Amino acid sequence: MNDSNQNMDWGMKNRVSKIIRPEDGRCVMLAVDHGYFLGPTEGLEVPGRTIQPLLSYADSLMITRGVLRTSVNPNTDVPIVLRVSGGSSIIGEDLSNESITTSIEDAIKLNATCLALSIFVASKYEHQTLTALSKLVDEGEKYGIPVLAVTAVGKEMTRDARYLSLACRIAAELGAHVVKTYYCENFERVVEGCPVPVVIAGGKKLSKEIDALELAYNAIEQGAVGVDMGRNIWQSDHPIAMIKAVRAIVHNNSDAEEAYNILLKEKEKETQQHRIIKSVD
Ligand code: R5P
């Protein structure tokens with residue numbers, strides 16, 4: 001892991017340590033913020049129903065304030081990565097037209113451990129989203145709250161190492177404390193050029209679970225500190241089994257095949273439990 005937190009003050013270091021576990025320098029962030037531009041997307045139609053069973057397996061939860069307030073029990077001790085950018089929808093004119101949607105005061109009220117915002121490098125709104133990142137970092141620095149920059153990729157952009165290393169590096173240069181990006185060929189280049197920790201998004205649900213596990217494994221192998229994964233977990237037929245398998249890769253150094261075997265065992269356990277419940281009914 002990059003030793004990028006050397007110069008941080010205590011509060012900032014403490015919050016980063018809630019997101020990236022100090023024991024192994026890794027993190028499993030559960031992403032459930034998709035509704036901010038996708039609406040009630042498949043698997044997340046009733047957010048509380050999706051989130052609650054997965055919460056105890058997540059090191060942190062990436063979420064908007066609306067879903068946090070309505071759908072997560074405030075007694076939780078899972079750190080919150082609060083998405084504070086948005087303003088466009090999947091059916092609107094241009095997804096990259098995002099601004100900051102949540103004030104720092106509200107983020108503090110919500111006890112956010114980290115703030116998250118998307119940048120759209122090479123889009124029409126590149127300047128707007130990059131300066132929003134800088135402003136958010138200024139606010140975060142005032143209160144010791146780290147910022148995670150999401151390198152969002154528009155339809156017209158290619159998710160390759162050239163583009164993603166440019167976007168990640170710019171995010172870090174503007175002060176992001178953690179960067180979320182996509183896995184790609186030559187991913188080491190992306191990590192090498194980014195002086196702050198990098199996590200990967202899972203992206204659209206892959207048809208085979210083993211492919212999602214391989215993606216996570218390859219990213220960790222090539223220097224990511226963890227995952228910020230959503231759809232490949234909660235759109236799976238067995239979300240708990242899937243997040244356990246992902247955890248094994250991130251925290252126990254399992255390879256994709258070992259993690260897949262964990263997934264199969266967990267699926268089998270779940271099936272047996274359902275059989276027992278049905279027979280009692
Ligand atoms: C997308 O913009 C959201 O910020 C998600 O948090 C992110 O894409 C990670 O979720 P997934 O693994 O479903 O791609």
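Visitor: Which residues does Leu-115 touch, leaving aside those up to four places away in sequence?

Guide: This is a predicted model. In it, Leu-115 is in contact with Leu-82, Val-84, Ala-107, Leu-136, Gly-140, Ile-145 and Val-147, not counting residues up to four places away in sequence.

Visitor: Which residues touch the most other members of the largest nonpolar core?

Guide: In soluble globular proteins, nonpolar side chains tend to be buried together. Here the largest nonpolar core has 88 residues, and Leu-115, Ala-176, Ala-216 and Val-246 touch the most other members. The element that gives the most to this core is α11, with eight residues.

Visitor: How is a helix such as α6 to be read, and which of its residues are buried?

Guide: One may begin with its length. Helix α6 covers residues 126-143, 18 residues in all, and reaches 26 Å from its first C-alpha to its last, close to the 26 Å expected at 1.5 Å a residue. Its buried residues are Thr-129, Ala-132, Leu-133, Leu-136, Val-137 and Gly-140. Seen down the axis of α6, these buried residues fall within an arc of 140°, so they line one face of the helix.

Visitor: Which exposed residues does the face of α6 turned away from its buried side carry?

Guide: That face carries His-127, Thr-131, Asp-138 and Lys-142. The buried residues of α6, for their part, pack against the strands β4 (85-86), β5 (99-100), β6 (114-119) and β7 (147-151), and against helix α7 (161-173). Just after α6, Gly-144 has a positive phi of about 75°.

Visitor: What covers the buried residues of α9?

Guide: Helix α9 (residues 209-221) has 13 residues and reaches 18 Å from first C-alpha to last, close to the 18 Å expected at 1.5 Å a residue. Buried in α9 are Glu-209, Ala-212, Leu-213, Leu-215, Ala-216, Tyr-217, Ala-219 and Ile-220. The cover over them includes α8 (187-192), β9 (198-201), β10 (226-229), α10 (231-234), α11 (239-252) and α12 (256-280). Ala-216 is also among the residues that touch the most other members of the largest nonpolar core. After α9 comes Gly-223, whose phi is positive, near 115°.

Visitor: Which residues come nearest to the ligand?

Guide: There are 14 residues around the ligand, and those that come nearest are Ala-31, Ala-201, Gly-202, Gly-230 and Arg-231. The elements giving two or more residues to this shell are β10 and α10.

Notes
Residues numbered from 1 in each chain as written. Predicted model: local features only at pLDDT ≥ 70, side-chain atom pairs only at ≥ 80, totals over all residues. Helix = DSSP H or I, 4+ residues; strand = E, 2+ residues; numbered from the N terminus. Expected span 1.5 Å × (residues − 1). Buried ≥ 20, exposed ≤ 12 C-beta atoms within 10 Å, placed from the backbone. Arc of directions from axis to C-beta. Contact = placed C-beta atoms within 7 Å. Near = placed C-beta within 6 Å. Core = buried A, V, L, I, M, F, W, Y, C linked by C-beta atoms within 7 Å.
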